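Here are my notes on this structure, point by point. Please read them with the model open.

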Amino acid sequence: MTSAANPEDAGLHGLPMSADPENLRAREPLEVLVSRFSEESRRGLNPSIEDYARRYAEWADQIRELFPLIETLESWKSNKEMECLRRSVPQEFPIRQLGTYRLVHELGRGGMGIVFEALDESTGRRRAIKLLPWRYATDMAQWQDQFQREARTIAGLRHPNIVRVYAFGTCEGYCYYVMDLIPGVSLDCLIHRLRETTDVVYADEIQRAGRDDLTDVTESPVSAVKGRRRGLRRDSWTDFARIALPVAQALSHAHEAGVLHNDIKPANLLLDINGKVVVTDFGIGRRVQPDEKSLRGAPMSSAFTTGAIAEPSSDSAVSEQQIGTLRYMAPERLLGRRDIRSDVYALGVTLYELVTQTPAFVADDRRRVMELILNSQFRTPRQLVPQIPRGLETIILNAMLPDPGDRYPSAEAMAVDLAGYLKNLPIEDRRPSLVNRTVRWFSRRP
Amino acid sequence: MSNSNRESANPSDGGIDKPKAGREAEIERGDARVAALSQRIIDGDKSALAELFSIYRPRLWRMVNFRLHPRLQGRVDPDDVLQDAWIMAVNRISYFLRDATHSSFIWFRMIVNQTLIDLHRHHLGAEKRNAARDVSVNSAWASDSTSSSMAFHLSGNLTSPSSAVNRAELAQQLDTILQGMNEIDREVLALRHFEELSNSETARVLNMSEQAASGRYIRALGRLKQILEIVPGFLDDKQAAAARLRRGAEGSDVMRPGR
């Protein structure tokens, strides 16, 4: 490394000369606008190209020509930066203690953080801690802001089926927040078990499966008493609806508060031993995917990608996980728009998978998955499993309609139908009739 | 449905200027802080140097992440590069007054730049980077390193049939086309977009007037757009996808659908 000891070396290569001519400071007006637009994008303000074009009519053509490129480039750049960061997340996390919390073991990697089970040594309680795993994250004011905002937003959503957030903290350059530890398993774990066995999957069994690396799991005495054990079978249709109902209600509550979840999928819904479902891992602090640029209308967006933090093991795990998130995205999200109905769609896809134990959209690469979603190409639940009750299938199909305008207008509307199904009420099919569709199709032709 | 809510909003209170006012105040406060720190650094205060370095750290990280050769990505931790650069800055504190009075950020950036060049020479061998010091328009980077960095940072977003071979080929193709770009245009793009330098900072790094830097940037963006339109898999796919989902094309922006 160069040192200052040698005076010859003291001047830095490429150090600019001073004496900038004062008379050449006038900037191109368009460049000033580009700079402002980029700056706003970088701060997560989602500036509108059309607003710019209208305000600066003189430059409208150039704005419409260049700004979409800038928007795309900005989102690519932050995705790439996050990808570079993700690569540097170590397999074994070097920190074992955050304030009074001792990190017991890793529960999972997803979203933009690593989740740990932790022991609060001041109270003896077990908690879950979500950690932004990059040292000096506290230096990147923007990231810390977004992460803190995510914590604060979730903390503000008080609902029995939404995970509780207690505190936000920083420690030695790391940011984290503290949540309830849910003693249970995620729905994707449950779906996996249901796929494996035609028999009953018992609640205590899946609970053990989720915690098999813990030594202090006590054998539940209930397991000895057949008949009193809670369990699910492949055809527990009403139980599946009972699982989806509180999720729809929780989403409705969040939507009322102006918060989109953005990442509803089986892995983010936890089922505890008593059958209570808890929605976790709100994707509110995340930056748009390259596929969903210009996310105006979303309450928040930021420097974080939707892509999950890769397990450090292999590249295939990376793409596997990214597809895992993509699979539940509504078609309009792939085109850069979203609203509460995109969450409804994702819940529909999740319920589809729970009921059929088969993902709705399966393909090897992202592009193909996107195509399937955009073309609404999937087999109906009853094509896969004819025993599925018609009403339950109708709810799934209503939620998965490709046009948000045809779908349930809110999570609450979906909850109403789920409750209706549980009371054996008839479920209205929202799919537009062939006649309607044809008329609409023609009326949309230019 | 559609975005009528948004469109009817008066753009003048649509939030474009409001955050900016706050931002400007922020920048002013920041400038005052930097000026105070600079004065202390000139007096030889090492802790002020550390504080200033930590203010710039995120921006410097971004630069390292961009400039790190694709072959070193994943092998070299940008934090370690910044650590080395910090030691170099401490050794040079007595030159701060002479070299950094115009912009302390540019001074730190130059130090990080030099650290990176040394690092590349060490890892990639002298012959790979021996042209580094004299070829360049931008502070000692060989003219091909910026284009390969840009190709690397752009090619992760290819949406085309994603076999790795294809992706690598396209990145290579992009690299070649970027190399054909005017060198100054390319550097302006790298500094303005990838390193997120301001217009005046870019002008200073490239030794040109702010006016020239400003014009160059607009021109370079236009060129880049043309390039990305030529290379398959960048800008064309999304439009194709949009056409396919004609029904979703009038989807709504608003939180609450108007039904």
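1. A residue counts as buried when its relative accessible area is under 20%. Phe66(B) has a relative accessible area of 2%, so Phe66(B) is buried. Phe194(B) sits at 5% relative accessibility and therefore counts as buried too. Keep in mind that this is a predicted model.

2. Chain A overall. Its secondary structure comes to 15 helices and 11 strands. Chain A has 446 residues, and buried residues make up 58% of them. Take the contacts in chain A between residues at least 6 apart in sequence: 63% of these join residues at least 24 apart.

3. The main core. Which residues touch the most other members of the largest nonpolar core? They are Phe67(A), Leu351(A) and Leu49(B), in a core of 161 residues. The element that gives the most to this core is helix 7 of chain A, residues 237-256, with 11 residues.

4. Around Phe67(A). Set aside the neighbours within four places in sequence. Phe67(A) is then in contact with Leu33(A), Val34(A), Phe37(A), Ile49(A), Tyr52(A) and Gln62(A).

5. Aromatic pairs. Over all chains, the structure holds 16 of them. One is formed by Trp237(A) and Phe240(A), with 6.2 Å centre to centre and 70° between the planes, an edge-to-face arrangement. Both residues lie in helix 7 of chain A, three residues apart, which is about one turn of the helix. Trp237(A) and Phe240(A) are both buried.

6. The pair in chain B. Is the pair of Phe66(B) and Phe194(B) stacked or edge-to-face? The ring centres are 4.7 Å apart and the planes are at 15°, so the pair is stacked. Planes under 30 degrees apart count as stacked. This pair links distant parts of the chain, 128 residues apart. Phe66(B) belongs to helix 3 of chain B (residues 46-67), and Phe194(B) to helix 11 of chain B (residues 183-194).

7. A cluster and two charges over rings. One aromatic cluster is formed by Phe53(B), Tyr56(B), Trp86(B), Phe96(B), Phe105(B), Trp107(B) and Phe108(B). Arg59(B) lies over the face of Phe105(B), at 3.9 Å from the ring centre. In chain A, Arg127(A) lies over the face of Tyr166(A), at 4.1 Å from the ring centre.

8. Helix packing in chain A. Helix 5 (residues 187-196) and helix 10 (residues 340-356) of chain A pack at an angle of about 30°. Their axes are 9 Å apart. Angles under 35 degrees count as roughly parallel. Helix 5 and helix 10 of chain A are therefore roughly parallel to each other. Where do they meet? Leu187(A), Leu190(A), Ile191(A) and Arg195(A) in helix 5 meet Thr350(A), Glu353(A) and Leu354(A) in helix 10.

9. The loop at Phe378(A). Phe378(A) has its place between helix 11 (366-374) and helix 12 (381-384) of chain A. C-alpha to C-alpha, Phe378(A) and Pro359(A) are 9.4 Å apart in space, and they are 19 residues apart in sequence. Leaving aside neighbours within four places in sequence, Phe378(A) is in contact with Tyr352(A), Ala360(A), Phe361(A), Leu397(A) and Met400(A).

Methods: Residues are numbered from 1 along each chain as its sequence is written. Chains are lettered from A and ligands numbered from 1 in the order in which they are written. This is a predicted model: local features need pLDDT of at least 70, side-chain atom pairs count only at pLDDT 80 or more; totals for chains, interfaces and linings use all residues. Side-chain values use heavy atoms; hydrogens and water are left out. A nonpolar core is a set of buried Ala, Val, Leu, Ile, Met, Phe, Trp, Tyr and Cys residues joined through side-chain atoms within 4.5 Å. Buried means under 20% relative accessible area, exposed over 50%, partly exposed in between (1.4 Å probe, protein chains only). Helices (H or I, at least four residues) and strands (E, at least two) are DSSP runs, numbered from the N terminus. Contact means heavy atoms within 4.5 Å. Rings of Phe, Tyr and Trp (its six-membered ring) pair if their centres lie within 6.5 Å; planes under 30 degrees apart count as stacked, over 60 as edge-to-face and the rest as tilted. A charge sits over a ring if NZ of Lys or CZ of Arg is within 6 Å of the ring centre and within 35 degrees of the ring normal. Axes are lines fitted to C-alpha atoms, for helices over the stretch in contact, and angles run from 0 to 180 degrees between N-to-C directions. Angles under 35 degrees count as roughly parallel, over 145 as roughly antiparallel, 65 to 115 as roughly perpendicular and the rest as oblique.
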